[in-house]
Amino acid sequence: MRVFVTGATGYIGSAVVRELLEAGHEVVGLARSDSAAATLTRAGVDVHRGDIDDLDSLRAGAAVADGVIYTANKHISETTDSAARAQVELNAVEAIGLELEGTDKPFAVTSGVLGRTPGRLLTEETPAHPNTITALRLQVEKSVIAMGERGVRSSSIRLAPTVHGHGDARGFISTLVGVARATGVSAFVGDGSNRWPAVHRLDAATLFRLAVESAPAGTRLHAVAEDGVPFRDIAEAIGRQLKLPAVSLTAGEASRHFVSFLAPLVSLDNPTSSALTQELLKWRTTHLSLIPDIEEGHYFNDRTLSPGPGPESR
């Protein structure tokens, strides 16, 4: 299968590219810069020049592929206007969907689970509900699911908020490490019993491959290996590695302690199941779980981890 991948040089996209190549697929990667094109060429990937703002380039890439994986993400970086960010992604996804309409080709699109049903178990059967956290992803997911009725083998892959592993320099865990370094404490809110689902980057990449190979049209899939890791456990693991105390904060203190995008999220209780995904696609996770991955130490090497701005192009 010849697969067109957007975000192909990003943290998750690059892992997806390697997973596809190792499974024997051909890959065409979207590249908006010379450096990205050179990275893809070295990896043995065909280069398609363009950008997610350039809808003609997206349609052209999709037209010559047997399937598409969308891992690009413009929600955090590059613009501060959340409505504009959401519109860019919606336009890009819908342009690709229109190109694939009636072909029955697969189209796997990145989504997320964080904040969808706070305090209640989120399953693949739970539809997206609008709130201040999920609003940016809601219309994209709805569009992707609806494509299943128009001859596109579409799937929305809801990623755990903590997609961890080597190379994570701007995700939630690296951001928490940066905040702890900057403030001298590794913090959690209240008793820290609120849960964050997690998945290793390489296990997530496997799910993207399985989705383009065999996911039915109009399906929601959960890239979640652990239903919910208590936030206190995360804070304590970071504290042990940095030799800093893990401390409890009130909600008010947390709003001042954490970087702006992270402050409303650190107290969320967001348990999430991937049981249906595992059953449907025979997806099995084989890589380190979150706390052992933190304890491995790669988040704490000599490179400087910034306390912001958070996950970028995936």
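Tutor: The model is predicted, so local features need pLDDT of at least 70 and side-chain atom pairs count only at pLDDT 80 or more, while totals for chains, interfaces and linings use all residues. Residues are numbered from 1 along each chain as its sequence is written, and side-chain values use heavy atoms, with hydrogens and water left out.

Rings of Phe, Tyr and Trp (its six-membered ring) pair if their centres lie within 6.5 Å; planes under 30 degrees apart count as stacked, over 60 as edge-to-face and the rest as tilted. By this rule there are three aromatic pairs. The ring centres of Phe172 and Trp196 are 5.3 Å apart and the planes stand at 65°, so this pair is edge-to-face. It links distant parts of the chain, 24 residues apart: Phe172 lies in helix H6 (residues 172–183) and Trp196 in strand E9 (residues 195–200). Helices (H or I, at least four residues) and strands (E, at least two) are DSSP runs, numbered from the N terminus.

Phe172 counts as buried at 9% relative accessibility, and Trp196 is buried at 0%; buried means under 20% relative accessible area, exposed over 50%, and partly exposed in between (1.4 Å probe, protein chains only).

Phe172 also pairs with Phe261: the ring centres are 5.9 Å apart with planes at 25°, so the pair is stacked. Here Phe261 belongs to the loop between helix H9 (251–257) and helix H10 (275–281), 89 residues from Phe172. Phe261 is partly exposed, with a relative accessible area of 22%.
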